[in-house]
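Opening the notebook on a new model today. I want to look up the metal site first, then a pair of helices.

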Amino acid sequence: MYSLPKLPYNYNSLEPHIDKETMMTHHKKHHQGYVNKLNKYMDKIKGYQNNLKELQETIESNNFTLRNNGGGHFNHSFFWKCMTNKKINIDKLKKLQIYNEIIKEWKSIKNFELEFKEKALSVFGSGWAWLILKNGKLEITTTHNQDNPLMKKIKYIKKGKPILGLDVWEHAYYLKYKNKRNNYIDAFFNVINWDFLENNFIN
Ligand code: MN3
């Protein structure tokens, strides 16, 4: 069974950038909802373990259940770790391999943020913006709904290893930022967990 991971900080830790109310609803209602639906689905297919034909049919007819809720659980578990309330100082940041790789690709963190923001704003409706590692190179891409760059069988997705992910569903920002996804993305840049990115990049 899948379970809701604990946040690595308190609900109010990311304020003023990401507010407590949004974090609570996002974690306890939205993420929990994906976990519940995923478990319900796993429970359902467990009953079919002795009937392969029925199992196959159930998986195929419930493809979106698995894709949306499995994706939702993975993406949110990843997203919480992309953020932190601990500020990193510039000297330490400059020592990180991910920092130097971003500079190599975009010349400055500002340029990187501009492109990331542009892509995140381009998501129509609900989805995610990602920094991925593809064939040893950093790229920025987006996905719809709860899809992610690890989903191998879905054609439109640019595949790669997620390094950073940003939830741009309205539920991630509407309480504080209303329709201003723009301001939410700027706020997100203040709480990026560079140590987590470094870890994703190296390992
Ligand atoms: Mn979300």
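Below are my entries, in the order I looked things up.

**Entry 1, the metal.** I'm working with a predicted model here. Which residues give the protein donors of the manganese ion? I find NE2 of His26, NE2 of His76, OD of Asp167 and NE2 of His171, at 1.9 to 2.1 Å from the ion. Along the sequence I read the donor spacing as H-x49-H-x90-D-x3-H.

I checked Asp167 and got a relative accessible area of 0%, so it is buried. His171 comes out at 17%, and because the cut-off for buried is under 20%, His171 counts as buried too.

I took α1 as residues 20-46 and α3 as residues 63-81. How do their axes sit? They come within 9 Å and cross at roughly 140 degrees. Angles over 145 would count as roughly antiparallel, so I log the pair as oblique. The crossing of α1 past α3 is left-handed. Among the residues making the contact are the donors His26 from α1 and His76 from α3. I also noted Met23, Tyr34 and Leu38 on the α1 side, with Leu66, His73 and Trp80 among those on the α3 side. By class I have nine nonpolar, 12 polar and one charged residues in this contact.

Buried or exposed? His73, in α3, is buried, with a relative accessible area of 12%. Skipping neighbours within four places in sequence, I see His73 in contact with Tyr2, Ser3 and Pro5, and also with His31, Tyr34, Val35 and Leu38. His31, Tyr34, Val35 and Leu38 are also listed on the α1 side of the helix contact.

Definitions and conventions: Residues are numbered from 1 along each chain as its sequence is written. This is a predicted model: local features need pLDDT of at least 70, side-chain atom pairs count only at pLDDT 80 or more; totals for chains, interfaces and linings use all residues. Side-chain values use heavy atoms; hydrogens and water are left out. Donors are N, O and S atoms within 2.8 Å of the metal (3.2 Å for Na, K and Ca); water is not among the atoms, so sites may look incomplete. Buried means under 20% relative accessible area, exposed over 50%, partly exposed in between (1.4 Å probe, protein chains only). Helices (H or I, at least four residues) and strands (E, at least two) are DSSP runs, numbered from the N terminus. Contact means heavy atoms within 4.5 Å. Axes are lines fitted to C-alpha atoms, for helices over the stretch in contact, and angles run from 0 to 180 degrees between N-to-C directions. Angles under 35 degrees count as roughly parallel, over 145 as roughly antiparallel, 65 to 115 as roughly perpendicular and the rest as oblique. A crossing is left-handed if the near helix is turned anticlockwise from the far one by less than a right angle, and right-handed if clockwise. Ala, Val, Leu, Ile, Met, Phe, Trp, Tyr, Cys and Pro count as nonpolar, Asp, Glu, Lys and Arg as charged, and the others, Gly among them, as polar.
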